[in-house]
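Let's take a look at this one together, ring by ring and helix by helix. Have the sequence and the model open as you read.

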Amino acid sequence: MSQESAVYTHGHHESVLRSHTWRTAENSAAYLLDSLKPHMKVLDVGCGPGTITADLAALVPDGSVTGLEHAPGVLEQARAVADERGLTNVHFAVGDVHALDYPDDTFCVVHAHQVLQHVGDPVQALREMRRVTKPGGIVAVRDSDYATMTWHPAVPGMDEWLDLYRRVARANGGDPDAGRRLRSWALAAGFAAADVTCTASAWCYATDEERAWWSGLWADRTLASTYARRATEGGQATQTELEAISAAWREWGTKEDGWFAMVHGEILCRV
């Protein structure tokens, strides 16, 4: 039985997938790539539209990749990405990371990008990821840490955006500051301290093109995504407040000296 108790804050509105489909193994899983070998069998938890999944499949041509997603609707897009790239060693399935439907010691690598911040029990999720990983294999996790997000200039409304998002995410049962907690969760899940390697990396948006893209997707997400609906239904924001935050994002995106960065925590856990 599923133990999922959190609600995915963002949903899969076009403004969300605009961000997710930008993600690649290089810009989102670089900390893992040196550990991959051509023969490996990989599980990609929370695969979403499948761009990282497809990259991982290309890096293990003699192995295989399974993309697992809790929300089945987005898997059609993931399958299309794999088909477009001509990949035959990848397939997709619906499942819950809290109760993985795979035997013990199935995969060489179990990977999750931006997943644990959204689940109801991240420690249980890591226990399950560890269980289905072969001895000597790797559990690899990367999550953002919203409290580290920083930007310039200080456009009015942007601080309100960050405060609102963190409140909505927590009300949904998640932890928006997951990046800093990955090591702690891994230890609680039973990994030995010596087997957990921690790193951090950042996304940065500063060029005209990057600012326009990042500000536009958040301006749209603030008004039209599941996050927006949950913010109003949960009483964390009014529609007027969301419109002001969306406008703040668009204003920030026009600033020639605009800069935005976000830190991610990363762990490689040896089983």
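A quick word on terms: a residue is called buried when its relative accessible area is under 20%, exposed when that figure is over 50%, and partly exposed in between. Keep in mind, too, that this is a predicted model.

In general, an α-helix has 3.6 residues a turn, so residues three or four places apart point the same way.

How many aromatic pairs does a search of the whole structure find? The count is 22. Tryptophan 214 turns up in two of the pairs listed here, once with tyrosine 205 and once with tryptophan 218. Tyrosine 205 is a buried residue as well.

| Aromatic pair | Geometry | Centre to centre | Angle between planes |
|---|---|---|---|
| Tyrosine 205 and tryptophan 214 | stacked | 4.4 Å | 20° |
| Tryptophan 214 and tryptophan 218 | edge-to-face | 6.3 Å | 80° |

**Cysteines**

What about disulfides: how many does the count come to? It comes to 0. Take cysteine 108: the closest cysteine sulfur belongs to cysteine 269 and is 16 Å away, which is too far for a bond. Cysteine 108 counts as buried because its relative accessibility is 12%. Cysteine 204, on the other hand, has 38% relative accessibility and so counts as partly exposed.

**Helix α11**

Now over to helix α11, residues 239-253. With 15 residues, helix α11 reaches 21 Å from its first C-alpha to its last, close to the 21 Å expected at 1.5 Å a residue.

Which residues of α11 are buried? They are Leu242, Ile245, Ser246, Ala248, Trp249, Trp252 and Gly253. These residues are on the same side of α11, because they cover an arc of only 155° around the axis.

And what covers them? The cover includes strands β6 (150-152), β7 (196-205) and β8 (259-270), along with helices α7 (158-171), α9 and α10 (226-233).

Methods: Residues numbered from 1 in each chain as written. Predicted model: local features only at pLDDT ≥ 70, side-chain atom pairs only at ≥ 80, totals over all residues. Heavy atoms only, no water. Phe/Tyr/Trp six-rings, centres within 6.5 Å; stacked < 30°, edge-to-face > 60°. Buried < 20%, exposed > 50% of the residue type's maximum accessible area, 1.4 Å probe, protein only. Disulfide = S-S within 2.5 Å. Helix = DSSP H or I, 4+ residues; strand = E, 2+ residues; numbered from the N terminus. Expected span 1.5 Å × (residues − 1). Arc of directions from axis to C-beta. Contact = heavy atoms within 4.5 Å.
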